[in-house]
Amino acid sequence: MSALALDGVHVDLDGTPVVRDVSCAVDSGGWLGVIGPNGAGKSTLLRAVAGLLPRRGRVAVDGADTKGLPGRELARLLAFVPQSPILPPDMTVAEYVLLGRTPYLGYLGGPGRHDRAVADNAAEQLDVARFAERRLATLSGGERQRVVLARALAQEPRLILLDEPTSALDIGHQQQVLDLVDDLRRARGLTVVTTLHDLTTAGQYADRLMLMDEGRVRASGRAAEVLTEALISDVYTARVRVALDGGGRPVVTPLRDRAAGSTAEDAAG
Ligand SMILES: Nc1ncnc2c1ncn2[C@@H]1O[C@H](COP(=O)(O)OP(=O)(O)OP(=O)(O)O)[C@@H](O)[C@H]1O
Ligand SMILES: [Mg+2]
């Protein structure tokens with residue numbers, strides 16, 4: 001049984017089809033990287049899977065259709081980290097990460113010792129525990145992004161949907177966050193879906209890639225099957241070279257148009 005199964009998922013936004021007939025399956029502990037150009041429908045797909053947009057088609061987590069599932073139950077199954085989260089500016093980091101425990105709290109009870117321990121651990125793992133008492137408005141963009149990830153991990157979901165989780169992170173924190181997600185899927189069987197614009201990184205971490213274009217699945221499979229020069233140049237209208245690293249993973253290098261990049265000196269020489 002797949003941890004996540006999409007069957008014919010379709011999303012209209014204001015009458016415009018933005019996600020069209022998307023089907024895919026991700027095994028428990030698997031990592032699906034959703035790639036594709038701006039406007040391809042990646043964020044819309046993730047939001048629909050998270051139950052935040054009306055959709056047609058079937059979304060099943062651990063075999064159970066998520067349609068009609070109460071919000072609390074859905075939130076124990078999956079956590080969603082949006083591309084540009086809106087944060088309450090006056091809340092502290094510790095308070096915000098603790099919100100991840102909301103789906104586990106009784107209707108009248110506040111967080112208990114276990115909830116605080118889980119939240120503290122998530123903050124520690126994302127290197128934001130040292131900001132615990134700071135207000136969210138005072139954090140840098142990358143610090144904020146890590147706090148939102150900490151909240152999602154505090155939720156202890158089966159499935160985590162991360163929309164461009166590393167867009168604001170420096171290279172060290174990018175690796176730290178992606179390695180942490182990778183550890184969690186190996187250790188706990190956490191199932192991961194990310195969108196990532198960096199194609200090389202997407203191919204290094206995800207075990208399968210799904211390339212979207214104009215709302216549809218254009219290609220899916222292992223990184224080496226999807227990250228080809230032909231497909232990338234066609235779908236992104238980009239000039240790239242694809243080489244394989246020592247482990248056989250594709251490395252995508254953008255190439256500058258030589259004519260456009262030449263200087264007056266080159267021309268004279
Ligand atoms: N309310 C709406 N009505 C019509 N089209 C919309 C609406 N909201 C979003 N769209 C369009 O849907 C398309 C898909 O948007 P989406 O945010 O899913 O793209 P994306 O693949 O995540 O892109 P990016 O790489 O830029 O994050 C875009 O062309 C967007 O302009
Ligand atoms: Mg997006």
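**Exercise 1. Find the residue that forms a salt bridge with Asp207, and state why the pair ties together separate parts of the chain.**

Step 1. In this predicted model, Asp207 forms a salt bridge with Arg185. A salt bridge here is a side-chain nitrogen of Lys or Arg within 4 Å of a carboxyl oxygen of Asp or Glu. The closest N and O atoms of the pair are 3.3 Å apart.

Step 2. Asp207 lies in the loop between helix 7 (199-205) and strand 9 (208-213), and Arg185 lies in helix 6, so the pair ties together parts that are 22 residues apart in sequence. Helices (H or I, at least four residues) and strands (E, at least two) are DSSP runs, numbered from the N terminus.

Step 3. The structure holds 13 salt bridges.

Conventions: residues are numbered from 1 along each chain as its sequence is written, and chains are lettered from A and ligands numbered from 1 in the order in which they are written. Local features need pLDDT of at least 70 and side-chain atom pairs count only at pLDDT 80 or more, while totals for chains, interfaces and linings use all residues; side-chain values use heavy atoms, with hydrogens and water left out.

**Exercise 2. Describe the contact between domain 1 and domain 2.**

Step 1. Domain 1 covers 1-62 + 158-238 and domain 2 covers 87-156; the bounds come from an automatic or database domain assignment. Their C-alpha centres lie 25 Å apart.

Step 2. Domain 1 gives 14 residues to the contact and domain 2 gives 11, where contact means heavy atoms within 4.5 Å.

Step 3. The two domains bury about 1,100 Å² between them, 63% of it on carbon and sulfur atoms. Buried area is the accessible area (1.4 Å probe) that two parts lose on being put together, summed over both.

Step 4. Across the interface the rule finds zero salt bridges, but five residue pairs are in polar contact, both residues at pLDDT 80 or more. A polar contact is a pair of N or O atoms within 3.5 Å; within protein, one must be able to donate a hydrogen and the other to accept it, and residues adjacent in sequence count only if both atoms are side-chain atoms.

Step 5. On the side of domain 1 that touches domain 2, strand 7 (159-163) and helix 6 (171-188) are the elements that give two or more residues. Helix 6 gives the most, with five residues.

**Exercise 3. List polar atoms that lie close to an oxygen atom of ligand 1.**

Step 1. A polar backbone atom of Gly41 is 2.9 Å from an oxygen atom of ligand 1.

Step 2. For Ser43, a polar side-chain atom lies 2.8 Å from a ligand 1 oxygen.

Step 3. In His197, a side-chain N or O atom is 2.9 Å from an oxygen atom of ligand 1.
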